[in-house]
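The paragraphs below lead you through it step by step.

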Amino acid sequence: MGKVVMYSSVSVDGFVADENDQPGPLFDWLSSGDVPLDESGELKVSQISYDYTRAYWDQIGVTIVGRHVFDLTDGWDGKPPGGIDHVVVVTHRPMPEGWDSEAPFHFVDGVEAAVAKAQELAGDRMVEVAAGDVGGQVLAAGLIDEVRMDVVPVVFGSGKRYFGSVHAQHLLEDPDVMIQGNRVLHLRYRVRR
């Protein structure tokens, strides 16, 4: 089984979006360089961010998101983002009416079921869990192996928290990766068991 990794870009004060679900400048680092990050050429980062981010993205087999993110993105029009093979959506509601049941999206009830389904689909590849409420629930369930964050130099003051509404302490190891790119600090922590 591949690792289960919680991930997002995040403000210095720990938010993944503002109160209106807007990321503001959190993704500006994805256009702050001259090295294309994907085939579209729309995302361009510094060489050091490319080396770190591309290697990470190439390991991801499945992404887990909550229904709120799925709805905000209109399900990415049925195509998983970033070349990922599958998306597992944590929801208590059925798939949207008219949704293409052949699209590589899987709707499950609960984070334990989501991680089990994602690991089944990913095989040896990595399972990425979107930070926020669902990510915090997966962390609280003890199912996260690693926390990755791209820290952006902005203070939101309020909004959607990186760890959602986690109400208990969770210890992380010292960061084993700290890479400074243009307008971003890439950090990786293993979850202490």
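What covers the buried residues of helix 3? In this predicted model, the cover includes strand 1, strand 5, strand 6, strand 7 and strand 8, together with helix 4, which spans residues 133–140.

Strands of a sheet pair through backbone hydrogen bonds, and the pairing can be either parallel or antiparallel.

Two of these pairings can be followed in detail. Strand 1, which covers residues 4–11, runs parallel to strand 8, residues 126–130, and four bridges join them; here Val-5 stands opposite Glu-128 in strand 8. Strand 6 and strand 7 also pair in the parallel sense, over four bridges, and in this pair Val-89 stands opposite Phe-107 in strand 7. In a regular strand the side chains alternate between the two faces of the sheet. Strand 7 shows such a pattern, with Phe-105 and Phe-107 pointing one way and His-106 and Val-108 the other way, and all of these residues are buried.

Strand 5 can be looked at through one of its residues, Gly-61. With 2% relative accessibility, Gly-61 counts as buried, since the cut-off for that word is under 20%. If its neighbours within four places in sequence are left aside, Gly-61 is in contact with Ile-84, Asp-85, His-86, Arg-125 and Met-126. Its C-alpha atom is separated by 17 Å from that of Val-138, a residue 77 places away along the chain.

Which residues of helix 3 are buried? They are Val-111, Ala-114, Val-115, Ala-118 and Ala-122, and because these residues cover an arc of only 95° around the axis, they sit on the same side of helix 3. An α-helix has 3.6 residues a turn, so residues three or four places apart point the same way. The face of helix 3 turned away from its buried side carries Glu-112 and Glu-120, which are exposed. Just after helix 3, Gly-123 takes a positive phi of about 60°.

Helix 4 has buried residues of its own, namely Val-134, Gly-135, Gly-136, Val-138 and Leu-139. These buried residues pack against strand 1, strand 5, strand 6, helix 3 and strand 8. Just after helix 4, Gly-142 takes a positive phi of about 75°.

The last step concerns charged side chains. Side chains of opposite charge can pair when their charged atoms come close, and a search of the whole structure finds 12 salt bridges. In one of them, the side chains of Lys-3 and Glu-146 meet with a distance of 2.9 Å from N to O. This pair links distant parts of the chain, with Lys-3 in the segment before strand 1 and Glu-146 in strand 9 (residues 146–152), 143 residues apart. Lys-3 counts as partly exposed at 33% relative accessibility, whereas Glu-146, at 0%, counts as buried. Glu-146 also forms a salt bridge with Arg-148, where the closest N and O atoms are 2.8 Å apart, and Arg-148 is buried, with a relative accessible area of 3%.

Glu-173 lies in the loop between strand 10 (160–161) and strand 11, while Arg-192 lies in the segment after strand 12 (184–190), 19 residues apart. Glu-173 is partly exposed at 34% relative accessibility, and Arg-192 is partly exposed with a relative accessible area of 42%.

Technical notes
Residues are numbered from 1 along each chain as its sequence is written. This is a predicted model: local features need pLDDT of at least 70, side-chain atom pairs count only at pLDDT 80 or more; totals for chains, interfaces and linings use all residues. Side-chain values use heavy atoms; hydrogens and water are left out. Two strands pair if DSSP finds at least two bridges between them. Helices (H or I, at least four residues) and strands (E, at least two) are DSSP runs, numbered from the N terminus. Buried means under 20% relative accessible area, exposed over 50%, partly exposed in between (1.4 Å probe, protein chains only). The arc is that of the directions from the helix axis to the C-beta atoms. Contact means heavy atoms within 4.5 Å. A salt bridge is a side-chain nitrogen of Lys or Arg within 4 Å of a carboxyl oxygen of Asp or Glu.
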